[in-house]
Amino acid sequence: MSDRLDPTLALASGPPEESRRVPTVLAGLALLFMAVFLFGVFPFNHPSVLVAAIGLLASAAVLADRPSGDAMSGSRLGKSLVFGGLALGLLALLGLWRIVPDWILLTVSTGAVCAGTIILARARYGSGPAGIRNHGVYNTPMLRRGGAAWIAAVVLTGFYVLLYWFPQSLEGLIRTMDPVSYTIRGAAADQWFMYGTLYSLAVLVMGIRALYRYRHDRYQRWRTVSVILAQGVLAYLIPQILVAFNEPEFYFSYFWPLKPEYLWPGDFGNGWIWDHPGRLGRFMVIWGAVMAFVAVPILTYFFGKRWYCSWVCGCGCLAETAGDPYRHLADSSVRSWQIERWMIHGVLVLVTIGTVVLWVNSAMEGGLLGSFSGGFARVYGFVFGSVWAGVIGVGFYPLMGARVWCRFGCPQAAILGLIQRFFSRFRITTNGGQCISCGNCTTYCEMGIDVRWYAQRGQNIVRASCVGCGMCASVCPRGVLKLENSKQEGRFNGPVLITSDEVDVMAEDWAASVSWK
Amino acid sequence: MHVVIVGNGITGVTAARFVRKHSDHRITIISGESDFHYARTALMYIYMGDMRYEDTKPYADDFWTRNRINLVRGYASRVDADSREVHLASGEVVRYDRLLLATGSRPNRFGWQGEHALGVQGLYGLEDLAEMENATRDIDSAVVVGGGLVGVEMAEMLSSGGIPVTFLVREEHYMDYLLSTQESELVEAAIRAHGVRLELEAELDLVETDSAGRASGVLLKDGRRMPAQFIGLAVGVRPNTDLASTSGLDTGRGILIDSAFMTSAEGVFAAGDCAEFRSPVAGRKAVEQLWYTGRSHGRQVAAGLLGAPADYAPPLFFNSAKFFDLEYQTYGVVEPVPADGQADRVFSDGARLIRIVYREGDGAVVGVNALGVRLRQNVWSHWIRTGESLDAVLRDFDRSLFDPEFSTRLEVAV
């Protein structure tokens, strides 16, 4: 018994890989389509090809999160739709676009991929017993930083590079959004409308998947409904409808510091919303200011940062839906926590300085920055809004999880986090000495919080970065964790299992002192 | 002062942490199983692909150096209590001043014919896991024997991999030595919902093997035959006493210890799964083999390792499990059928269940079982310890709920 092969090493090589080559092949095809689209000449640069690439990627991701062993019965229709949608992209490539209008091709192929994804999710998670199904995650290349994941990251990042720096290459794709754009906002589509449409669609489709996947958990269900609506209504329909009414494209779910221009002094950026004709512009500026400086502290005091980060925010909406399969990829080492704190608070300091500089500059009528005034604002918006949040935030989903931006770069998360850490009723309560140290919570924390470190000490989790997605409580096989908003007293309960010789001795004091709800 | 601990499971590691917390003693942990402490409770998640081995380590690898806990990889083969030395299989000798044996346990085998065939095994440690991964590759069907917690875990592991599983339980109902019939039936439904073929009152007679010495099926005592290329044995565990007995320590079922965890040899303690109390605390077993009791032992044996042996004072009994998707918690003393002078109240909506056991005279609660409902340990410990009355408990029941926000509440009518 003692002279056996080191089992630790045997296990480190991973469990047997089942036939999961399909996602890898699909992701590879996506890369190929992307390359064809990028470097292809007419007619190979047809937008359907790009949609097909993105669809391939989505279907690779959907196929990849198959819980091992689950029968795929009833999912044939789903698969057919997904592949049918992709085939349409191919047909478009082969000249179908000459016969059928672009927008029909695109609507049908996108629609087929979306419908197929939903049908697959329903077959996978919507039938049979409900419960947490993370089986096979680490046997799947797409989900464990295998070849497919790297390809997916390249394709996604490539898409963002095109979107930000070479939007003209997406012209065909943008034009096909015209019918939708004219319907909603009465104007031709631009690259951001195209992006917003795809983004909201991803949140909707993968949100429906999440609803099936977590159907046993009412917290997850309500939260998922919230993110679908927040993205679809607050961050998509309302801003576009405002455009239709000749009002500023205003997002009620963003404010300073994520949308610094909402507070910008009048002479920077694209004019000041305040100066917009009519009363709506003034309402928007007041709304933004009230949200940023009054609502944020109050709501965060009562509910923690989750009211925003995992219920409302657009980045959170995508992370909680399209990013759901990648939660376990967040690094939970102490080192990444250190990097995270320096970066996110560094960003907050920069943003605050930037804002102050611009206001002072404005008060001095440009005397501080001179001709650089407008450039400063644009660089600021571009670096933080676009490059960070998009390219790295979403492009790295398959490699570092869906919350890279939220952990390391978001100034709004930094503010909410500071309030949550020091001035909030929110905490994740640990249920006495029930933790069995298994590590599901830490593994599936998308923010890379080592939840188990606290839970196994019997300590409540009060961390600035926690977005309150509730997944630790969902995956815990012993029901050890509970998200709570309760009185601040007893919030930092100390490591019970460490400092006290006996958890129940502590329990006496606790039960006697706590005032229930 | 050099404290040496044999075994890096939850007992050994907890003891080491408490010794470090309260002293500057040199601490060495010897383990033959793994370089670092990992959560045995998570073995099933490695198999199912929910986690990697490295995710099951509760402490980062540098935790041990930072806390000056020396880790030695090797099997202890003999203890020389007179010269205070541990001899490793490699020939290495480790001197100690105080020694803790936390050698754990291993799966039971009851002398069935064919029980050592290829593909027949229990599940306790990493070696078992690696073996199971190999043995269950490309098989058509599997059998799990034994109606306890590990049996359900093995059934879940196998069925998650798409392997048809037959689960043989000797008792009339699953775990009927702990659960009421109604509770057992809920658990049985949860198991069957996952397509596991649960056979109650089914006892293994022998394991059939093929010409290559591989398991090919089982024969039950009632004469039924079932083909299976993997047979999981989950019929309890027994203490690892080899090291203690070859070293001349007193052993019975386990390594015999007094109420302060001291073995028959001076300066040598034993705790956790491997230990057997000569005179157990009232209401507790002589051999306690739960993960939670292992942690509790580890915390309390640390006093002895620090030079101030203290009698074992177990916390209020509690345990938890998950039967596929159905969570289970128990606090206090809950018998399948209330003992004389006790009664129980059951609240169930068909999918979840709460059973509160109380004294008939004064109505004081003595224990609770929960299936599909999460309860606060602190609140229930307090209620049971102080003998809160059933009426008061039912009135305040919501205070003890630990279910996630927005959960529907199980009605407990007063």
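Biologist: In which loop is the place of Arg68(B)?

Modeller: In this predicted model, Arg68(B) has a positive phi of about 50° although it is not a glycine. Its place lies in the loop of chain B between helix 3 (63–66) and strand 3 (69–73).

Biologist: What mean pLDDT does chain B have?

Modeller: In chain B, 100% of the residues score at least 70. The average pLDDT of chain B is 96.

Biologist: How far apart are the C-alpha centres of domain 1 and domain 3 of chain B?

Modeller: Chain B is divided into domain 1 (2–106 + 238–305), domain 2 (120–235) and domain 3 (318–400). Between the C-alpha centres of domain 1 of chain B and domain 3 of chain B, the separation is 33 Å.

Biologist: What area is buried between chain A and chain B?

Modeller: The contact involves 68 residues of chain A and 72 residues of chain B. Carbon and sulfur atoms give 51% of the area buried between the two chains. That buried area is about 6,200 Å².

Biologist: Which residue of chain A meets Glu405(B) in a salt bridge?

Modeller: Across the interface of chain A and chain B, the rule finds three salt bridges. The N to O distance between the side chains of Glu405(B) and its partner is 2.8 Å, within the 4 Å cut-off for a salt bridge. The partner in chain A is Arg306(A).

Biologist: Which element of chain A gives the most to the side that touches chain B?

Modeller: Between chain A and chain B, 24 residue pairs are in polar contact, with both residues at pLDDT 80 or more. Elements that each supply at least two residues of the side of chain A that touches chain B include helix 1 (7–12), helix 10 (218–244), strand 1 (426–430) and helix 23 (503–513) of chain A. With six residues, the element giving the most to that side is helix 23 of chain A.

Biologist: How many charged residues does the side of chain A that touches chain B have?

Modeller: By class, that side of chain A has 31 nonpolar and 23 polar residues. Its charged residues number 14.

Biologist: Which element of chain A has the lowest mean pLDDT?

Modeller: Chain A has a mean pLDDT of 82, and 82% of its residues reach 70 or more. pLDDT stays under 50 over residues 1–19 of chain A, for which the model has 30 contacts beyond four places in sequence. Among the elements of chain A, helix 19 of chain A has the highest mean pLDDT, 98. The lowest, 36, belongs to helix 23 of chain A.

Biologist: Which residue does a cis peptide bond join to Trp256(A)?

Modeller: The omega of this bond is about 10°.

Biologist: What ipTM does the model score?

Modeller: The pTM of the model is 0.92. Its ipTM is 0.95.

Notes: Residues are numbered from 1 along each chain as its sequence is written. Chains are lettered from A and ligands numbered from 1 in the order in which they are written. Side-chain values use heavy atoms; hydrogens and water are left out. Domain bounds come from an automatic or database domain assignment. Contact means heavy atoms within 4.5 Å. Buried area is the accessible area (1.4 Å probe) that two parts lose on being put together, summed over both. A polar contact is a pair of N or O atoms within 3.5 Å; within protein, one must be able to donate a hydrogen and the other to accept it, and residues adjacent in sequence count only if both atoms are side-chain atoms. Helices (H or I, at least four residues) and strands (E, at least two) are DSSP runs, numbered from the N terminus. Ala, Val, Leu, Ile, Met, Phe, Trp, Tyr, Cys and Pro count as nonpolar, Asp, Glu, Lys and Arg as charged, and the others, Gly among them, as polar. pLDDT is the predictor's confidence in each residue, from 0 to 100.
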